[in-house]
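Here is a friendly walk through a fold, meant to be read with the picture beside you. Please take a moment to look over the sequence and the model before reading on.

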Amino acid sequence: MSLNPSSAKEKAQILSEALPYIRRFHGKTVVIKYGGNAMTEESLKQDFARDVVLLKLVGINPVVVHGGGPHINALLAKVGKQSEFIQGMRVTDQETMDVVEMVLGGRVNKEIVGLINQQGGRAVGLTGKDGGFIRARKMMIKSREKDDEWIDIGQVGEVEEIDPSLVDLLDSGDFIPVIAPIGVGENGEAYNINADLVAGKLAETLKAEKLILLTNTSGVLDKAGNVLTGLDSKRVEELIKDGTISGGMLPKVNCALGAVKQGVKTAHIIDGRVAHALLLEIMTDEGVGTLIKGS
């Protein structure tokens, strides 16, 4: 079948545009938080897996951290357990933690590994308990009603320390790490950790070139609904202060801001509903979301 000359020229231009980015990021690490529609829509799941494999093949080291909240909710409902949230955090008793481990460390993790491997990659699934590489401590939430009161939400953790050696070993062996955000405490207990937080801390620890957060929005929007990009930390803090950045976007932006302040070159909040969003953000001039850089 002959190729339309104009179509062929357009494809060649796209490939040519990618070359300087491939050269610039060769050998660099990119930590990707995978979630939202990109994780639930079949065509987007396939696009994501292909993008990750392509990044690895051109010499970039992708490290995937995934969530799985909807899958956890579905299984809890199936066993007759009501999901409870306080200030956006899942209350996690032992029974809920068992479900979290089963879903994140089992079903979801294995599905992502399988998708990447079907596209020709060499993915390896991990939780933070493997090799004890994500050390966690219990998270307590400050009450909004009483200044001196803290709320116990069970086995929810925050990252205390990450040992990069296991991920480094996999990267050097041309494997693609796929990480479920479950940490381990000092007595071997499991902790459920927010996937954005794990991705941010992992990017800092690995001295990553980029932290990429896939979301169900176009990126950080101004008050007129336009996507903002090329933001430095000072500008981000101004947008938070004047209320432009608020609600559900706030924790993602704070995660991105924390990463760039700790040495990650750039953080990206991108629209995971766009086909091949990863490649468009990393390999093209325009991108598909918000780029945040250090001051």
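Helices (H or I, at least four residues) and strands (E, at least two) are DSSP runs, numbered from the N terminus. The model is a predicted one, in which local features need pLDDT of at least 70 and side-chain atom pairs count only at pLDDT 80 or more, while totals for chains, interfaces and linings use all residues. Residues are numbered from 1 along each chain as its sequence is written, and side-chain values use heavy atoms, with hydrogens and water left out.

**A residue to start with**

N61 belongs to strand β2. Is N61 buried or exposed? Buried stands for under 20% relative accessible area, exposed for over 50%, and partly exposed for what lies in between (1.4 Å probe, protein chains only). N61 counts as buried because its relative accessibility is 16%. Its side chain makes a polar contact with the side chain of K56 at 2.9 Å; such a contact is a pair of N or O atoms within 3.5 Å, where within protein one must be able to donate a hydrogen and the other to accept it, and residues adjacent in sequence count only if both atoms are side-chain atoms. Leaving out residues up to four places away in sequence, N61 touches G27, K28, T29, V30, K56 and D171, with contact meaning heavy atoms within 4.5 Å.

**The sheet**

Eight strands make an open sheet with mixed pairing, in the order β5-β8-β2-β1-β11-β13-β14-β12. Because β5 (123-127) and β12 (231-232) stand at the edges with a single partner strand each, one side of each has no neighbour in the sheet. Two strands pair if DSSP finds at least two bridges between them.

| Strands | Sense | Bridges | Residues standing opposite |
|---|---|---|---|
| β1 (29-34) and β11 | parallel | four bridges | K33 and L213 |
| β11 (210-215) and β13 | parallel | six bridges | K210 and T266 |
| β13 and β14 (289-293) | antiparallel | five bridges | H268 and L291 |

In a regular strand the side chains alternate between the two faces of the sheet. How many of the six residues of β13 (266-271) are buried? Six of six are: T266, H268 and I270 on one side, and A267, I269 and D271 on the other.

Helix α2 (42-57) lies across β1, β2, β8 (176-180) and β11, at about 145° to β2. Axes are lines fitted to C-alpha atoms, for helices over the stretch in contact, and angles run from 0 to 180 degrees between N-to-C directions.

**Packing inside**

A nonpolar core is a set of buried Ala, Val, Leu, Ile, Met, Phe, Trp, Tyr and Cys residues joined through side-chain atoms within 4.5 Å. The largest one has 42 residues, and I116, L214 and L278 have the most contacts inside it. Its largest share, ten residues, comes from α4. Among the residues that L278 touches are I32, F48, L214 and I270.

The structure also holds two aromatic pairs. Rings of Phe, Tyr and Trp (its six-membered ring) pair if their centres lie within 6.5 Å; planes under 30 degrees apart count as stacked, over 60 as edge-to-face and the rest as tilted. One of the pairs, Y34 with F48, is stacked, at 3.8 Å centre to centre and 5° between the planes. This pair links strand β1 to helix α2 across 14 residues, and both Y34 and F48 are buried.
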